[in-house]
Amino acid sequence: MIIGLDVGGTHTDVVLLGEHGIECRAKVPTTHDDLLLCVWKGLEAVTLGVRPHDVERIVLSTTLTTNAIAEEKLPPVGMIVSSGPGLDPEFFRTNEHYYTVSGSIDHRGREIQPLEPMEIEAVAAKLRKEGVRHVGVVGKFSVRNPKHETQIQEILGDHFEYVVLGHRLSGNLNFPRRIATAYLNAAVYPLHKKFFDAVRRSLKKNGLPIPIHILKADGGTMSFDASLDLPGQTILSGPAASVMGSLPFASEGVDTIVLDIGGTTTDMAVLVGTAPLLAEQGAELGSFRTLIRALKTTSLALGGDSVVRVQNGRIHLGPDRLGPAMAFGGSSPTPTDAIVVLGGDLKGDRDAAARGMAHVAQALGVSVQDAAQQVFDAACRRILDAAEDMVQAINAKPVYTVHELLEGYQVQPKELLVLGGPAPYFAKRLQEISSYSARVVPQWEVANAVGAALARTTCELTLFVDTERGIATAPEEAFHQPVKRDFTLDKAVSLALELLSHKAVREGATPDDLETEVLEKLQFNMVRGFYTTGKYYRVKVQVKPGLIGHYRSVMQRMQNAYTAVPCFSAGSP
């Protein structure tokens, strides 16, 4: 059995998957001031009567780190940046405790200017005095030679709780994004570690010493232990869970928009056939542009529990949520109340929902029924407009799926895949007022937790080989070894795939569920005078994002067990 758990803005969804599909599921309110509480309540609900050794693993998807960044609730972080000649790194300042130091490495990985140890020691003393416990260290060309970053780490010693080095985060050359990535990893580390320790203690205390994995922004998983080194990978795991839960039900050869309509937000993504789109350079959160590998997702501040207001005769939805819908004990009218008034079987208090819509109706000068229809239609049109904006933004740049770059491709979605609590009602109305066909994902209420549970462990790796200098390096793995002048591109690819397999297993993958591929292999001749003096190779490989090997049988049983919830017709009582 596998447990999947997704911490959403409104609810935490938990499923226990077994040979018969979903064996048990639970939905508990998310307690933002005590996430562990809702995590444990959900786990407790689905493990009653289950023998611990029957559970293979638990996969968590959490909004913890994403929310901390969005709400700017981050602890002080020290940043030590070494760049050398070129753009002033002050342009990329992330925070208050940001220090630029001497020393530089060129694009070939050769040292141009050494570090000044006393300068680093002075910076370290300032950080300690200011109470900073977490530090990011970034050199401009550290992916070609991490010497300066590792030297800085050695000088910092054990005076800091967590030091993250830029070259361990990505093999891509993008100095500003690597600075932002290192900063966010250092900033979310204490929050993630606290959550990690609490979950581990709770499981142990309650007799569930089960391997824990966590969903990453690219739709893959990594072991909880591995996530301590790279906590930034957990950013945006919530939207990734929605995509993975929808993936098995996407139509081949059709572009599809995935809509996860929750209580607080609607998360959106695009599938090209059955391949999710990838953020072309990395995740973006507010002003932070990173190298964190992530699916291309968009979040709209509109959900079923968004507050409905009428201003100057116009309906305004959200962006805030002031508790649940009135049909479920809340104090403000919401789109969920509109659905209940229109006949949606959400098991809420219809009289309470009608009272909420009565205030809206009075402000609009229409009947309660008409007010409910206008509120619901306004929500549907907001979602459609946001989806169209997302597609336009995607088509303004090269389109990347998790497998390849689609040169010149223009996304043209024909279908909507909808999940989340009110999915059947939104799917029907969205199809009626648009040119899209719309389908509901089976088990729509917990499909994101299912997606988390069945996601495969993923990772990527970049290998650089310089035969003139006689060295092969994989900076993310702190790997380097000497090579001879006759080292070939084929040997570089084989070495990269070997290192990737070791990395994937270390991060939680099973050896028989590794689907690897070569994303990039480039070769450059190095010429001096009229002679070739060596070759330079760059190889990028990945374990493909996707679902674990036996997902098809689980999903087939989910599909067979799927029965549509009755939907109301627009305008019907």
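Tutor: What follows is a series of questions, each settled by setting a value against a definition. The model is predicted, so local features need pLDDT of at least 70 and side-chain atom pairs count only at pLDDT 80 or more, while totals for chains, interfaces and linings use all residues. Residues are numbered from 1 along each chain as its sequence is written, and side-chain values use heavy atoms, with hydrogens and water left out.

Student: Why is Cys380 called buried, and Cys24 partly exposed?

Tutor: Buried means under 20% relative accessible area, exposed means over 50%, and partly exposed lies in between (1.4 Å probe, protein chains only). Cys380 has 0% relative accessibility and therefore counts as buried. Cys24 has 25%, so Cys24 counts as partly exposed.

Student: What makes strand 9 largely enclosed?

Tutor: Strands (E, at least two residues) and helices (H or I, at least four) are DSSP runs, numbered from the N terminus. Strand 9 covers residues 134–139, and six of its six residues are buried, so the rest of the structure largely encloses it. On one side are His134, Gly136 and Val138, on the other Val135, Val137 and Gly139; both faces are covered.

Student: How do you know that strand 9 pairs with strand 5 and with strand 10?

Tutor: Two strands pair if DSSP finds at least two bridges between them. Strand 5 (residues 78–82) is joined to strand 9 by five bridges, and strand 9 to strand 10 (residues 162–165) by four. Both pairs run parallel. Ser82 stands opposite Gly139, and Gly136 has Val164 of strand 10 as its bridge partner.

Student: Why do strand 6 and strand 10 stand at the edges of the sheet?

Tutor: The open sheet has four strands in the order 6-5-9-10, with parallel pairing. Strand 6 (98–101) and strand 10 each have a single partner strand, so one side of each lacks a neighbour in the sheet.

Student: Why is helix 9 called roughly perpendicular to helix 10?

Tutor: Angles run from 0 to 180 degrees between N-to-C directions, and axes are lines fitted to C-alpha atoms, for helices over the stretch in contact. Under 35 degrees counts as roughly parallel, over 145 as roughly antiparallel, 65 to 115 as roughly perpendicular, and the rest as oblique. Helix 9 (residues 350–364) and helix 10 pack at about 90°, with axes 8 Å apart. Helix 9 is therefore roughly perpendicular to helix 10.

Student: How are helix 10 and helix 11 oriented to each other?

Tutor: The axes of helix 10 (residues 368–395) and helix 11 (residues 423–432) come within 10 Å and cross at roughly 75°. These two helices are therefore also roughly perpendicular to each other. Contact means heavy atoms within 4.5 Å, and the residues making it include Phe376 and Cys380 of helix 10 and Tyr425 and Arg429 of helix 11.

Student: What makes helix 12 largely enclosed?

Tutor: Helix 12 (residues 447–454) has eight of its eight residues buried, so the rest of the structure largely encloses it. Among them are Ala447, Asn448 and Leu454.
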